[in-house]
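I opened the notebook to look up a few things in one protein chain. The entries below keep the order in which I checked them.

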Amino acid sequence: AMDPVEGQLEAYNARDAERFARFFTDDVVIDDAAGQRLMTGRDELRVRYGEMFAASPELRCEVVTRLRAGRFVVDEERVTGRGPEALHVIVVYTLRDGLIAHVRVLR
């Protein structure tokens, strides 16, 4: 089975919302740095990322650094194609049963 963090990255860069969503649990939670809920559930994730992918044809994410500890994966990412400046973000993924169950986005 494909590593879910690598799989979702490949689907993100292909701007394929259906494939992207398959790497997340049905009840996935995505939070910002302060713990504010950004979205909940695979269905909302599929719709919201699908809209972003459609609106950002040059969207691309490059992993600068990846760290793994047990069920946690921490990526330092450089995102381009969403505006004039590249975004520098840290993303903490929590895995459960081979899928991504929680995402915290620090920027």
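I took helices (H or I, at least four residues) and strands (E, at least two) as DSSP runs, numbered from the N terminus. The model is predicted, so I kept to its thresholds: local features need pLDDT of at least 70, side-chain atom pairs count only at pLDDT 80 or more, and totals for chains, interfaces and linings use all residues. Residues are numbered from 1 along each chain as its sequence is written, and side-chain values use heavy atoms, with hydrogens and water left out.

**Entry: Ala21**

I placed Ala21 in helix α2, which covers residues 17–21. For contacts (heavy atoms within 4.5 Å), I set aside residues up to four places away in sequence and found Arg42, Leu45 and Arg46 touching Ala21. I also checked Ala11 against Ala21: they lie 10 residues apart in sequence, and their C-alpha atoms are 8.7 Å apart in space.

**Entry: Thr25**

I found Thr25 in strand β1, residues 24–32. Thr25 is buried too, with a relative accessible area of 5%. Beyond its neighbours within four places in sequence, I listed Arg42, Arg96, Leu99, Ile100 and Ala101 as contacts of Thr25. I noted a polar contact of 2.9 Å between the side chains of Thr25 and Asp27. Such a contact is a pair of N or O atoms within 3.5 Å; within protein, one must be able to donate a hydrogen and the other to accept it, and residues adjacent in sequence count only if both atoms are side-chain atoms.

**Entry: the whole chain**

I counted three helices and six strands, and read their order from the N terminus as α-α-β-β-α-β-β-β-β. The radius of gyration is 13 Å, close to the 13 Å that the globule rule gives for 107 residues, so the chain is as compact as a globular protein of that length. That radius is taken over C-alpha atoms, and the rule is 2.2 Å times the number of residues to the power 0.38. Along the principal axes, the C-alpha atoms fill a box of roughly 35 × 30 × 25 Å. I noted that 37% of the 107 residues count as buried. Of the contacts between residues at least 6 apart in sequence, 39% join residues at least 24 apart.

Definitions and conventions. Buried < 20%, exposed > 50% of the residue type's maximum accessible area, 1.4 Å probe, protein only.
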